[in-house]
There are 2 protein chains.
Amino acid sequence: MNRNGGNELGGKEVKVANKRRIGACESVLRILALVLTLSAAVILGVDKQNKVVPVQVLETLPPISVPVSAKWHYLSAFVYFVVANAIACLYAALSLVFLLANREGKGITGLVVVVVDVVMMALLFSSNGAAAAIGVLGFKGNSHVQWEKVCNVFDKFCDQAAAALVVSLLGAIAFLLLIVLAAKRLHNK
Amino acid sequence: MNRNGGNELGGKEVKVANKRRIGACESVLRILALVLTLSAAVILGVDKQNKVVPVQVLETLPPISVPVSAKWHYLSAFVYFVVANAIACLYAALSLVFLLANREGKGITGLVVVVVDVVMMALLFSSNGAAAAIGVLGFKGNSHVQWEKVCNVFDKFCDQAAAALVVSLLGAIAFLLLIVLAAKRLHNK
């Protein structure tokens, strides 16, 4: 009886330790998701570049200097990217507060958090895909549809957008890991 | 004792019935995901349009008729879209076979299926985002970067690409629902 009691206690202790470890992992991942999505939204949100480029209007005249500028809100894919990252960042903050206030995560609320995590991951991956597609066009252009590359002119703007994309991708992966962790936690229950 | 036994039996029956219902839902969702991603890959994979457009080379000369064509593999975002849908379709078929062969879904294999479902959903949503970003450019163009719209010329091609995008989005939502269902199943365990 004592032996069984000892085993039971040991099993309970291991379960509690496992639960704590998973809880700590979840907190770290949520903080990472919050920081990464916030950084991505800010990096692209403040991205702009002004340049003066020479434009040849007529062959007989010297080229005219034209000021051109690149801003994130000129492209709808970049607007979607910034909005999606801002929403994911806000949700990461709210879910972190919720997690700390309700450490048990029992009942229907735990399930709701997992479902919203999945929706946020979908939102982030689709916005990353959209920004990456525009980024590839900006860097390489496309001769078939006569869309010229623009990153030879707006080099700083493009580099900053690429950095935002990498950071947001890491944020999306943090959400993916949160879902895998939740699945593991529910599976081991 | 009898009463308890009866309650226990009733509880077990409800659990078995619930498990069967969830299993049936999962099979239907996997078949849907398979059909939708296959359709999306095929709809965009066979999409092409040839046209003859008049091009004005010199103002003093009459316009020259130039044959132009639109094919899905001209744009890297569309290649990514077709490949992502083909991979998701192949995985949906394999996971369906696995589900039917291993109805219990116990042990580590059930968890692995959930994790790969999450990865497939991420892949599909990012490819949908990429294709949608290119689609918006094709339909509307962008004056800031001088990318002209092309869907006024390639109308049939664009409509077919839009149809593929809607179908693929539904396939991605089927994967999302599969993950929600798995979370619910694990939560109720």
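The model is predicted. In it, 35 residues of chain A are in contact with 35 residues of chain B. The area buried between chain A and chain B is about 3,200 Å².

**Relation of the two chains**

- Chain A is superposed on chain B by a rotation of 180° with 0.0 Å of shift along its axis, at an RMSD of 0.0 Å.
- This is the relation of a two-fold axis.
- The copies meet through the same surface, because 100% of the interface residues of chain A are also interface residues in chain B.

- Carbon and sulfur atoms give 79% of the area buried between chain A and chain B.
- The count of salt bridges between chain A and chain B is zero.
- Four residue pairs, both residues at pLDDT 80 or more, are in polar contact between chain A and chain B.

**Elements and residues on the side of chain A**

- Two or more residues each come from α2 (76-101), α3 (107-140) and α4 (155-188) of chain A to the side that touches chain B.
- Of these elements, α3(A) gives the most to that side, with 17 residues.
- The residues on the side of chain A that touches chain B comprise 24 nonpolar, eight polar and three charged.

Technical notes:
Residues numbered from 1 in each chain as written. Chains lettered and ligands numbered in written order. Predicted model: local features only at pLDDT ≥ 70, side-chain atom pairs only at ≥ 80, totals over all residues. Heavy atoms only, no water. Contact = heavy atoms within 4.5 Å. Buried area = accessible area lost by both parts, 1.4 Å probe. Salt bridge = Lys/Arg side-chain N within 4 Å of Asp/Glu carboxyl O. Polar contact = N/O pair within 3.5 Å; in protein donor to acceptor, adjacent residues only side chain to side chain. Helix = DSSP H or I, 4+ residues; strand = E, 2+ residues; numbered from the N terminus. Nonpolar A, V, L, I, M, F, W, Y, C, P; charged D, E, K, R; others polar. Least-squares fit on C-alpha atoms with pLDDT ≥ 70 in both.
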